[in-house]
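Subject: Structure handover

Hello,

Here is the structure I promised to pass on. Please open it alongside this email and follow the notes below.

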Amino acid sequence: MFKRVLLLCLLLQFFNCEEIIEVDDISEEIIVILAPSDNTTIEASSINFSWQELEFGETYHLQIATPNFDAPQQIVEDTLITSNNFSITLPANNYQWQVKAMNSAYETQFTTQSLTVEE
């Protein structure tokens, strides 16, 4: 048993963790928004935000702000999810929403869209 542990320790010295577990670099990928499209006006109701799934993305970081991320009055939603869609009911207002993909080592840039909700 001791010889096996010693052999394993010797083998691990010759490999770094990246060689053992390779994580795909998604940092140059772009999230493609499906809905709602940029500058859309929607009647107040449950809104389904959706985007194309990224092959090596494990989770998605979704944020919704009012009126926008340059001068936010409120961050309405800030969540991590494992699917490529999210539903929420929003009151009438102007919003921006953004989403990015992440895996254990890399993340994409946020893709940001504007949205108006009317009564």
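Contact, as used here, means heavy atoms within 4.5 Å. This is a predicted model: local features need pLDDT of at least 70, side-chain atom pairs count only at pLDDT 80 or more, and totals for chains, interfaces and linings use all residues. Residues are numbered from 1 along each chain as its sequence is written, and side-chain values use heavy atoms, with hydrogens and water left out.

**Overall layout**

The protein has two helices and eight strands. Along the sequence the pattern reads α-α-β-β-β-β-β-β-β-β. Helices (H or I, at least four residues) and strands (E, at least two) are DSSP runs, numbered from the N terminus. Of the 119 residues in the protein, 32% are buried. Buried means under 20% relative accessible area, exposed means over 50%, and partly exposed is in between (1.4 Å probe, protein chains only). Among contacts between residues at least 6 apart in sequence, 63% join residues at least 24 apart.

**Strand β4 and T66**

Start with β4. Seven of its eight residues are buried, so β4 is largely enclosed by the rest of the structure. β4 runs antiparallel to β7, and seven bridges join them. Two strands pair if DSSP finds at least two bridges between them. T59 stands opposite M102 in β7. β4 also pairs with strand β5 (residues 74-81), again in the antiparallel sense, over seven bridges.

T66 is found in β4. Its bridge partner in β5 is Q74. T66 counts as buried, because its relative accessibility is 4%. Leaving out residues up to four places away in sequence, T66 touches P72, Q73, Q74, V76, N93, N94 and Y95. The side chains of T66 and N93 make a polar contact at 3.2 Å. A polar contact is a pair of N or O atoms within 3.5 Å; within protein, one must be able to donate a hydrogen and the other to accept it, and residues adjacent in sequence count only if both atoms are side-chain atoms.

**The nonpolar core**

A nonpolar core is a set of buried Ala, Val, Leu, Ile, Met, Phe, Trp, Tyr and Cys residues joined through side-chain atoms within 4.5 Å. The largest one has 20 residues, of which I31, F49, W51, Y60, L90, W97 and V99 touch the most other members. The elements giving two or more residues to this core are β3 (46-51), β4 (59-66), β6 (85-89), β7 (93-102) and β8. The largest share, four residues, comes from β7.

F49, W51, Y60 and W97 also form one aromatic cluster.

**Q113**

Q113 lies in strand β8 (residues 111-118). Q113 is buried, with a relative accessible area of 13%. A polar atom of the Q113 side chain lies 2.6 Å from the backbone nitrogen of D38. Leaving aside neighbours within four places in sequence, Q113 is in contact with I33, P36, S37, D38, Y95, Q96 and W97.

**V23**

V23 is partly exposed, with a relative accessible area of 25%. V23 and A105 are 82 residues apart in sequence, yet 6.6 Å apart in space, C-alpha to C-alpha. Not counting residues up to four places away in sequence, V23 touches N103, S104, A105 and Y106.

Best wishes

Definitions and conventions:
Rings of Phe, Tyr and Trp (its six-membered ring) pair if their centres lie within 6.5 Å; planes under 30 degrees apart count as stacked, over 60 as edge-to-face and the rest as tilted.
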